[in-house]
Every structure is written in C-alpha cells, then in structure tokens.
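Colleague: I am new to reading structures. Could you walk me through this one?

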Amino acid sequence: MLALTNADSSINSSTGDNMMDAFISDLLLTIPPWVMPILIAVTVSLLGYFGAGIRIWVAGTAIFFYLLGASTGLWFGLLVIAILFGVPLVRRLLSGLIMRIVELLKFLPSISQTEQEAIDAGTVWVEGELFSGKPNFKRILNEGYPGLTEKEQAFLDGPVQEICDAVDDWTVHKNRELPPHVWDLLRKHRLFGMIIAEEYGGLGFSASANSAVVGKMAAANTTLGITVMVPNSLGPAELITHYGTQKQKDYYLPRLASHEEIPAFGLTEPQAGSDAGAITSNGVVFRGDDGVLYLKLNWRKRYITLISVATVIGLAFKLRDPENLLGLGENPGITCALINTNLPGVDNSRRHDPMGIPFHNGPTTGVDVILPLEDTIIGGAKGAGQGWKMLMESLAAGRGISLPAASTFSAKMVARLVGAHGVVRRQFGLSIGKFEGVEEKIAEIAGFTYILEAARRYTNGALDEGGKPAVVTAIMKYNATELYRKIINNGMDILGGNAISMGPRNVLALSYINTPIGITVEGANILTRTLIIFGQGAIRSHQFILDEIQSLTDKDVTRFDRAFWGHIGLVNRNIFRALFLSVTRGRLASSPVRGPSARYFRKLAWASASFAVMADVALFSLGGELKRKEKLTGRYADIFSWLYLGAAVLKRFEAEGQRKEDEAFMEWSMDYAFARIQEGFDGLFSNFTVPGISWILQGPVGLWSRINRFGRGPSDKTGHQIAVALQTPGNQRDRHTDGIYLPTSDQKPLGRMDKAMTACFEADKLLSIVKKASRNGSIKRGSIPDMVAEAVDHGIISAGEAERIEVSEALREDAIQVDDFSIEEYKVSISRNTVEQ
C-alpha cells in the first residue's frame, strides 16, 4: 500500500512538472521572438548598472536557461562558474594563481616605505565617494559646512581688524619689515597660538577660524598673512601638540602661545625640495660621559620662514645610531627635533629675498650642535624615526588651511576691487565694466571666487571634525593657488595702469608679485598635481587598490581574493553606469535635491562613473608605469579636482538655502567645472598610448566624448549676471566678499575705491537721465558739468541731485589716480629695496 502511495505521488509530481513545462512552452510560443533578446539585454543592463553580485548573476542566468531550455552543457558550464566564483574556498585557488601573475607582470603600482607612510598618514573623506563611480550624494551633502563661533567671529572683528588697520601695505614693502607695533599686537593677541589649546595659553581655534584669520590678514598684507600662517601650520606647535612628550608640551606650548618663543620649521635643503625624503641633515646618537644619550646634529636648510627671528627651530633630519643605542638599528630614519637658535654652532643670521616680499625667510646651518636626545627629539626617544609620519600627518591637514585661505580671501579682495573699479573707471563715456571684454574677466573672477569659498569652507568642515583628507588638501592647495593666479592676472588686466604703478594707492601689485610663492611652497604645484592628487590619490581613494597592493606585499591570498573580485565587480558596475549615464547625459542618475542644482548632481554622477572606469583602465594597463606617466596623471588629477570642486559648489548652494540670486554663481561654477572635466577627458583619450587600448580610446570612445560632452563652459548670459552682481553695491556683493579686511578709513586704497563706487553707482542713474535729455535735444551736449548745470536749469534734475553727481565725479577722479615720485624719492625707494652684495 505504501509503495502504491509513493508511486502515485511520483506520478503526480512528474505530471505537475510536465504541466508546468508545457505551460511555459506554450507561453514562450505566444511571445514574439524579438522580445526575449530585449528582455535578456534589459536584465543584463540592470544587473550591471546596479552592481549585482555573482549569486544574482548566476540566478538570473539560470532563469533564462530554464525559460529557453538550455542544453546540459550550458547548465554544466553555469554550475562550474557558480562554484569557481561563488564558493570562496574554490575561488581562492584561482585568486592565488592570479596573484602570482599580477606580481610577475607588475600590473599594480608598487609603494615605497615613504609613500606608504604618506598614504597611511591621511584619511579618506568624500573624495572616496567621487572616486567610486557611484557617489553617495546624501553623504556628501550631510558633511559639515561650518562658519565661526561667536568667540571666533568676535576675534575676527576685534583684534584681527585692529592689526589689519595697523598695517600699511606700501610702508611694509618700502621698509621691508612689519613695524614693531604690529609685532606687539601679534604678541598681545597671541596670534602665533591659534592652534595651541587654551589650557596652554593658546586660542584653541578651529581650522575654520584659523583659515578665516589667516585669510583676512593675507588679503590685507601678504607679509602679515605669511607671518601669522606659518606658526599655525606645520611647525613646532603642531608637532608638539600631537607628538610631544608632556614635558615638551608644558615647556614649549605656553611659551609659543605667548610669543616668548618664535618658531620656525626646517625641512627644505639644497638637494631636498619636493623630495623631502632626500634630506641630508643628520643627527648621530652617542652616549655621553654622564651616561645620558645625546645627539650631534649637522644641518644645512634653506627657504625657512621666520628663521631670522626664530628662537626655536623644529628640525627634520635623518637619525643615525651607529651603536644601536636606541634598539632601532643603525638608521632609524627621519626624525624631528627642537633646537634653540642661541646654541653654539647654530647660524640663522642671513635672509633670502622672496620676490621682494619682506617676510622673514632664510637659510639656517648647524655644525656639531650637541643636545640631550630625550628633550630634543619631539616625542623623546619614542619619536626617533617617526619624523616622516609626523610630517605627513601634519601636512595632510595643514595643506588644506593656510594657502587655500590666503588664496580665497585674496580672491575676494580682488573681486571687490575690480567690481568697484568696473563702475568707477570710465572710458568712451561708459563704466568699463559694461564692456563685454572687461565683463568676461570680471565674471571669471566672480565665478572662481565662488568656487574657492565653497571649497574652503567645505574642506574646513572635514578638518574641524579631526579628519586628515590628504588627497583633498592637496587638491585644495594646488587648485586654490592656481585659481588665484588666474584671478590676480585678470585683476591686473582690468585695472591696467592702476595695477602696474607701484605706490600707496596700488592694491594688487604686491599680491601679484607674491603669487609664485604660494605656487611653490608646501609642495610645488607641478608635482602636487602629477604625483599626489592622482598618483597617491588613486591608491588612497580607490575602494580596493590599496588592499590589493598590500595583500600582494603580505602574500595574503584571502585578502587579495576579497579585494580583487570586489574590484572586478566595481569595474563591471562602473562600465555599465558610465555607458548608460553617458547615453542619457546623466538623467538616469538620481539627485538628492530638487531645484536648479539637480541636473548638476546627475551630471556629476555621470562624470564620476566615467572617471572611475578610466582610472581603472590606467591602473590595470599601466600598472607600475603609471607613476612615470605624469602627463596622464596630471589630466586625471584635473578631472578628480573638478569633481571635488564641483561637489563643494553644490554643497555651498544647498547649505546657503538655494538662494535665487546666487543661482547664476552656482551655474557658472558648475558649467566651468564640467568644461574642465571634459578637457581632462579629451586629453586622456587623445594621449593614452597602450597597445590594444589606444585605438579604442582615441577612436570611437574619444569621438563619442567629443560629441557628447560633459560641458562647454559657462554661457555669456550667466557670466553677465555674476559680473553685474560684483558691480552692484549691496548685500549680495558683500556676501560674496565677506570676511576680508575692509579698511575703517576711506583713505586706504580699497576703502577709497569702495566709497567712490557707491557714490558713482547712484549718481550714474542721475547721469543717465541727463544724458538722455541731451540725446533728445532737451539740453545741449557738452561736458558732464555743463550738462548737469543745464539739466538743473531745465528742472530735469534737482540741485541736490546735481551736487551728488559732482561729489561722485570728484570721488571718481580721486579713485583712479596713481602714485608718482620725485627723482629723489624714487632713488631712495630703489636703494631701500636693493640688497647690498
């Protein structure tokens, strides 16, 4: 009876299966033959676009095999794939083989010890999202965009304003020194202690406040800005705070905060510039007769800011320990030490002359300087050989504060000045800002300044939270200084003779002269672009590359297995995303917001996916050769930079509440960003020379990219809107130039120009009425005073309005004057600016 029951059950099951097969067969017969290929294509596209895992791919393939009645051979092949790639223990056998091939052919770039320490020093922030090909814009928008606390703002409005008022730009240049009373004010308000905690007598400011103070001072006077930024950047205070012994903190930090000690930091040498690891300065460990460990230091440094007035030097040197007294081997490596400048053998008596900008900068040498090791090495004996790590961690944050701040606030100063000059300066009867050629340059200044402020505040948000996004700060240092170079050049062009005639009335010349200094220091821009932003950025920001490289080094097959197949999945997803986002021009991507910025979020997603694919093309095809392909890595760096700067602009627009009046600024900035991204891709496609790949990139891919461009640059209409905003007195102009030093006296150049602009802007409306009357014959054409007088006689304008025009014309005339000197005065000026040979 049981056997009959089982037989019946088997028959029923078989019958059910047959009925299902028959049903599916009948259903398939009713579907037109062209539907199934489309269904397969759609499924493959969806799985690829959303980055489905191997199990979902196998399941999807199995469904189609079943529907199409696949052969046993195909099913067997699918089973092999499922086991080979879906079962970790089996897959690792394949991964081990791939690992050996990758090592043999050097598919991945190698990392030196110093590079590894530099990579480890930083953290990954939102740049990881942009590198991923599928950025999480909600996360990007949720990051901070901080302002200042009430205490910090009060410091800006009080002591910082007081110090800026006390500095005269031309006097500092002429005398080649900040005046003593300014040094007294810096000491009184503890400006060298912004990054020192309050418990040690410092100000304990955030990165945002540090940036705002340095920026305001740099825009007021370059020498002042540099003098304040250096002690609050990489140097003794920063290093002691993070790495010093408690004894070093207790001794040095209060003295640095009170200016009892003035710091300098010695890193650069004749043979060690951007390659800081090549320093030859050295310290030898030995045991004294008293049993204490000592250092004998010898060094030769140059380009050291504040060295000629410094009382303590933070020195980077290579530590040697011939007797292995520290137990770290004979060459523990780069180490940082604290050295008083009044010791025998220390010479800091000479100065460099950096472009005639008179901040203290010069060489220093040390010959057989003997010091106790524990008190001298930052961190004591435990800090031996840790110097490179200390430097990289400090630079990972500091590079994003000082020079970006100086560039941004100086840009705001130029923007405010050229906007005013565009109204005040008149040629051919019109304010020159109305000429399209001038307007185009003003628009660039306005747009670049908007970008810089967005990126400055966004980056400071990460630094305020304790992040050290080394790639982002490199992006900031490079792009802020380069954009400011464009801004100051445009400003010089617009002001013309007023900009090139040196003297007390000239606002721009000294800032223009100083520009190459920012380009050069804290990592020369050429090398920052070609070696750090993408060279190190690709390894640090990529989701899997660093794990792959480190697993190869450690011979860790399990880690390599996870990283390699995760990488393959990432590449697969990004290829599909790049393809479909390109075809739809980003419309397939989602935006985290509604409104005018939504389309730019979608385009940014498209650009990110395309960049991610091309980054992997370079990493896989060039491998270890990538480091030497600096023209390519520079183009990758440009794309990566503008992805970040674009994200910062969108964050600013949203953080400020999508102001309608600022929509044109956001659009100009994003259109410019996408034009630069397109320029970067054009360069990659045209110059990527790898056998088997070049023809694809230079041919069909490059052609499609040139047809289907990310952007063509800002429109003339948008440029007109933002140029007009800078030339219109009021809240919007003030907001876009906020935080800079505005003189309390209208006898200072910027104050004089601002006053003239306000008067001329209002009076020009009245002049338009007068000129219209002359054109229609109501009054005679003539000089402005004659037409104004006749307009009053005819009742066209009132006497009070005529007086306003007269006042504005006097202010206009005064504002456009340039300096001149007697022969004797000029010779004195030259002699003061000539260094005796």
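**Rings, charges and a buried histidine**

Modeller: F131, F534, F611, Y636 and F640 form one aromatic cluster. This is a predicted model, where local features need pLDDT of at least 70, side-chain atom pairs count only at pLDDT 80 or more, and totals for chains, interfaces and linings use all residues. Residues are numbered from 1 along each chain as its sequence is written, and side-chain values use heavy atoms, with hydrogens and water left out.

Colleague: How many aromatic pairs does a search of the whole structure find?

Modeller: Rings of Phe, Tyr and Trp (its six-membered ring) pair if their centres lie within 6.5 Å. Planes under 30 degrees apart count as stacked, over 60 as edge-to-face and the rest as tilted. With that rule, the number of aromatic pairs found is 32.

Colleague: Which kind of pair do Y251 and Y252 form?

Modeller: The ring centres of Y251 and Y252 are 4.9 Å apart. Their planes stand at 90°, so the pair is edge-to-face.

Colleague: Is Y252 buried or exposed?

Modeller: Buried means under 20% relative accessible area, exposed over 50%, and partly exposed in between (1.4 Å probe, protein chains only). Y251 has 39%, so Y251 is partly exposed. Y252 has 8%, so Y252 is buried.

Colleague: What is the angle between the planes of Y450 and F665?

Modeller: Y450 and F665 form a tilted aromatic pair. Their centres are 5.7 Å apart, and the angle between the planes is 35°.

Colleague: How many residues apart in sequence are the parts that this pair ties together?

Modeller: Helices are DSSP runs (H or I, at least four residues), and strands are too (E, at least two), numbered from the N terminus. Y450 lies in helix α19 (residues 436-464), and F665 lies in helix α28 (residues 663-687). So the pair ties together parts whose separation in sequence is 215 residues.

Colleague: Which ring does the charged end of K603 sit over?

Modeller: A charge sits over a ring if NZ of Lys or CZ of Arg is within 6 Å of the ring centre and within 35 degrees of the ring normal. The charged end of K603 is 4.8 Å from the centre of its ring, which belongs to F674.

Colleague: Which side chain makes a polar contact with the side chain of H360?

Modeller: H360 is found in the loop between β6 (346-347) and β7 (361-372). H360 is buried, at 6% relative accessible area. A polar contact is a pair of N or O atoms within 3.5 Å; within protein, one must be able to donate a hydrogen and the other to accept it, and residues adjacent in sequence count only if both atoms are side-chain atoms. At 2.7 Å, the partner of H360 is the side chain of S308.
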